[in-house]
Amino acid sequence: MPWFTRLSRFGDVHYVYSQAAENSCGIASVMMCVFKSNKLTPGATAVTKEEEVYKVYGDVAGVNYDGSAYSFATKLDNTLNKLNCGKWKAEYVGPDKVADRIVKVCGKTSGFGPTLGTSPIIVLVGWENQGAHFVVVDTVRTVFGSQTYATVCDPWDAQLRITKFSSGADFKYSTGQTIQWNLEGTPQHEYGNRQNGTANGWVVHKI
């Protein structure tokens, strides 16, 4: 099963999708945004199939897309707009503005416990050793009024990573070790080595 249940240290549950193809992280991120946007909406489709979203993306981009090539933030917003989950926008805000945009879109939840009604945002991370990767941030937490954490849903290995960040600074992301159990099976991919990166300025979010 490509969907995985993840419990954060803050006591809330997140569902993370494991991308099927080598370069389908953008499509997988779209699927997670559809789910997180529609899961509480009566009559709305929350769970989509990767191959079906390939076709929608391909129609938007004017290509025959199968997950073997990179996807682009500037096409992911209109892909989401065709999936009945609200109105979405892709924008380049610059690396130093990503952290602030995450907070603006997701809002902040303080303390511990379940969260409802938060809005996800797709963030494009540029790796230090070349390449880039789409991830989804769906919750921002503040703890004891001082530290701020983003809950990052990574479609490569379907893991949830709690990432500390600060407003006004670059958003750093690392694929360090996690302690999540794979109750639903095995994710499609794993990180062989730790990857470190920084959000490069592109985000996709609901408006």
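Predicted model: local features only at pLDDT ≥ 70, side-chain atom pairs only at ≥ 80, totals over all residues.

Reader: What makes the radius of gyration of the protein chain agree with that of a compact globule?

Author: A compact globule of 207 residues would have a radius of gyration near 17 Å; the protein chain has 16 Å, so the two agree. Along the principal axes, the C-alpha atoms fill a box of roughly 50 × 40 × 35 Å. Of the 207 residues, 53% count as buried. Of the contacts with a separation of 6 or more, 60% are between residues 24 or more positions apart.

Reader: Which secondary structure elements does the protein chain have, and how do they run from the N terminus?

Author: There are four helices and ten strands. Their order is β-β-α-α-α-β-α-β-β-β-β-β-β-β.

Reader: How many positive and negative side chains are there, and how far apart do the centres of the two sets lie?

Author: The protein chain has 20 positive and 18 negative side chains, with 8 Å between the centres of the two sets.

Reader: Why is the aromatic pair of Trp-3 and Phe-35 called tilted?

Author: The search of the whole structure finds eleven aromatic pairs. In the pair of Trp-3 and Phe-35, the centres are 5.2 Å apart and the planes make 40 degrees. Rings pair if their centres lie within 6.5 Å, and planes under 30 degrees apart count as stacked and over 60 as edge-to-face, so 5.2 Å makes this a pair and 40 degrees makes it tilted.

Reader: What parts of the chain does that pair link?

Author: Trp-3 is in strand β1 (residues 3–7) and Phe-35 in helix α1 (residues 25–38), 32 residues apart. Both residues are buried. Ring pairs also join Trp-3 and Phe-35 with Tyr-15 and Tyr-17 in a cluster.

Reader: Why does Ser-71 count as buried?

Author: Its relative accessibility is 8%, and buried means under 20%, so Ser-71 counts as buried. Ser-71 is in the loop between α2 (50–61) and α3 (73–81). Beyond four places in sequence, the contacts of Ser-71 include Asn-23, Tyr-57, Leu-76 and Phe-134.

Reader: How do you know that Glu-91 is buried?

Author: Glu-91 has 15% relative accessibility, which is set against the limit of under 20%; therefore Glu-91 counts as buried. Glu-91 is in strand β3 (residues 88–92). Leaving aside neighbours within four places, Glu-91 is in contact with Arg-101, Gly-201, Trp-202, Val-203 and His-205. Between the C-alpha atoms of Glu-91 and Ala-73, 18 residues apart along the chain, the separation is 8.0 Å.

Reader: Which residues of helix α4 are buried, and what covers them?

Author: In α4 (residues 98–106), the buried residues are Val-98, Ala-99, Ile-102, Val-103, Val-105 and Cys-106. Their cover includes β5 (121–127), β6 (132–143), β8 (159–165) and β10 (196–206). After α4 comes Gly-107, with a positive phi near 75 degrees.

Reader: Why is Asn-182 called partly exposed?

Author: Asn-182 has 32% relative accessibility; buried means under 20% and exposed over 50%, so Asn-182 falls in between and counts as partly exposed. Asn-182 lies in the loop between β9 (172–174) and β10. Not counting residues up to four places away, Asn-182 touches Phe-4, Arg-6, Gln-159 and Pro-187. Asn-182 and Trp-3 are 179 residues apart in sequence, with 9.9 Å from C-alpha to C-alpha.

Terms used: Residues numbered from 1 in each chain as written. Heavy atoms only, no water. Helix = DSSP H or I, 4+ residues; strand = E, 2+ residues; numbered from the N terminus. Rg over C-alpha atoms; globule rule 2.2 N^0.38 Å. Buried < 20%, exposed > 50% of the residue type's maximum accessible area, 1.4 Å probe, protein only. Contact = heavy atoms within 4.5 Å. Lys, Arg positive; Asp, Glu negative; His and termini not counted. Charge placed at Lys NZ, Arg CZ, Asp CG, Glu CD. Phe/Tyr/Trp six-rings, centres within 6.5 Å; stacked < 30°, edge-to-face > 60°.
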